[in-house]
Amino acid sequence: MPATTLPDIPLFDLALSSADLEAVADTLRSGWLTMGPRTQRFEEAFAEHLGVQHAVALSSCTAALHLAYLTAGVSPGDEVIVPSFTFVATAAAVIYCGATPVFADIVGEHDLSIDPDHVRELLSPRTRAVTAVHFAGYPAPVDRLAQLCEEHGVALIEDAAHAPSATLAGRKLGTFGRSGAFSFFSNKILSIGEGGLLATDDEQVARQARHLRSHAMSSGTWERHTGATTTYDVTGLGFNYRTDEPHSALALSRLSGLEDDIARRRELTRAYRQALADIDGVSVPFTDESVEQSSCYVMPVVLADAERRREVRDGMMSRHGVQTSIYYPPVHRFSAYVERYGQQSLPRTESVAAREVTLPLFAHLAPEQQRRVIDALTQELAP
């Protein structure tokens with residue numbers, strides 16, 4: 001087996017504090033590892049952070065999306081309009097419900113959000129919900145989408161996996177729709193390894209999500225442990241979407257540093273934008289002003305020439321030790337989706353997806369490291 005070459009500057013890096021480690025160690029010492037009081041405290045803290053009534057901690061953002069769709073009434077025969085320029089889970093969770101994802105185009109190279117005008121064209125009598133993805137932590141036009149959904153009697157779901165503290169008009173993302181789905185995966189801003197959360201102001205949605213996350217049981221292990229009940233009933237078909245106490249403890253500990261982390265990401269993003277503004281062959285989506293609203297989860301750039309993307313990425317890694325990625329290959333072009341739904345045309349999504357490159361971004365990225373990334377991209381783009 002060939003040796004693996006690790007990058008000098010990774011796409012993402014995680015730095016846990018001693019308080020984070022102690023929070024997990026304390027949980028392990030407690031002897032209670034499944035969902036319990038720490039999970040409840042984290043849910044309460046995250047709900048307060050967002051300004052919503054309910055937060056339901058789950059095993060992943062995919063689980064949150066699935067439950068968001070189910071609690072919006074998505075069922076076989078329905079359609080859910082989703083962007084194709086997203087991680088596959090946004091669409092896959094629709095299929096879990098037996099429904100059909102209908103793919104919408106993005107606004108354009110300058111804004112990688114779902115296009116509300118295209119959404120309007122795609123609405124049909126079968127549309128049950130519309131999903132907005134806050135790509136890279138920048139706000140999708142959920143104000144416009146919320147109005148559109150209300151006019152047509154469909155649910156708005158927010159895939160806020162990238163945006164745990166981003167805002168639009170001073171309001172936290174993930175709070176504009178019927179529910180919002182958040183991710184705490186290993187490379188996310190509030191990273192705990194695995195985990196997700198459904199946020200909502202709808203008590204019925206929260207109650208149903210809590211019920212479904214643990215096999216539709218009428219009580220959980222903690223309730224039986226504390227004597228709140230001695231037995232349980234199963235009242236439907238549920239799922240094993242529970243989180244656990246070590247993950248919840250880590251999330252609660254890391255939540256206290258979330259705003260500082262995002263503030264640093266914004267500084268780095270502004271520095272990237274300024275340095276890349278005058279470099280030929282590359283553009284930076286979104287605007288300088290929108291950085292203040294964004295959680296700045298990742299740093300996407302768009303090359304002018306799709307044919308050069310592979311050589312640029314390979315050169316940045318092999319000659320400069322800089323890791324890059326692609327966010328994202330369009331979902332509608334994946335073989336599984338072509339087999340299900342046939343060939344589809346989303347020209348703006350396809351054009352940008354063929355040219356996008358994601359640069360390293362994490363809160364403790366040092367200035368000299370960022371300079372190396374910029375120099376590497378500049379050199380690899382040179383004629």
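In this predicted model, alanine 169 is exposed, with a relative accessible area of 76%, and is found in the loop between strand E8 (167-168) and strand E9 (171-172). The backbone of alanine 169 adopts a positive phi of about 55°, although the residue is not a glycine. A positive phi also occurs at cysteine 296, a residue other than glycine, where the angle is near 50°. Cysteine 296 is found in the loop between strand E12 (282-283) and strand E13 (299-303), and its relative accessible area of 0% places it among the buried residues, the cut-off for that class being under 20%. A further backbone feature is the cis peptide bond that joins tyrosine 327 and tyrosine 328, for which omega is about 0°; tyrosine 328 belongs to the loop between helix H11 (309-320) and helix H12 (335-341).

Helix H7, which spans residues 203-212, has Val205, Ala206, Ala209 and Leu212 as its buried residues. When the helix is viewed down its axis, these buried residues fall within an arc of 135°, so they line one face of H7. The packing partners of the buried residues of H7 are strand E1 (54-58), helix H3 (61-71), strand E10 (179-183) and strand E11 (196-200).

Leucine 70 is found in helix H3 and is partly exposed, with a relative accessible area of 23%. Once residues up to four places away in sequence are set aside, leucine 70 touches Cys97, Gln208, Leu212 and Phe239, and Leu212 is itself one of the buried residues of H7. Leucine 70 and glutamine 208 are 138 residues apart in sequence, while their C-alpha atoms are 9.1 Å apart in space.

Leucine 173, in the loop between E9 and E10, has a relative accessibility of 0% and therefore counts as buried. With residues up to four places away in sequence not counted, the contacts of leucine 173 include Leu50, His134, Tyr138, Pro139 and Val142, and also among them are Glu158, Ala163, Thr167, Leu168 and Phe182. For leucine 173 and serine 30, which are 143 residues apart along the chain, the separation of the C-alpha atoms is 35 Å.

On the surface, Leu14, Leu16 and Leu21 form a nonpolar patch, with about 240 Å² of accessible area together. Leucine 14, a member of this patch, lies in the segment before helix H1 (18-30) and is partly exposed, with a relative accessible area of 35%. Serine 253, located in helix H9 (residues 245-255), is by contrast buried, its relative accessible area being 16%. Apart from its neighbours within four places in sequence, serine 253 is in contact with Ala19, Asp20 and Ala23.

Technical notes
Residues numbered from 1 in each chain as written. Predicted model: local features only at pLDDT ≥ 70, side-chain atom pairs only at ≥ 80, totals over all residues. Heavy atoms only, no water. Buried < 20%, exposed > 50% of the residue type's maximum accessible area, 1.4 Å probe, protein only. Helix = DSSP H or I, 4+ residues; strand = E, 2+ residues; numbered from the N terminus. Arc of directions from axis to C-beta. Contact = heavy atoms within 4.5 Å. Patch = residues over 30% accessible without salt bridge, like charges linked within 9 Å, V, L, I, M, F, W, Y side chains within 5 Å. Areas by Shrake-Rupley, 256 points an atom, 1.4 Å probe, with all protein chains shown as cover. Salt bridge = Lys/Arg side-chain N within 4 Å of Asp/Glu carboxyl O.
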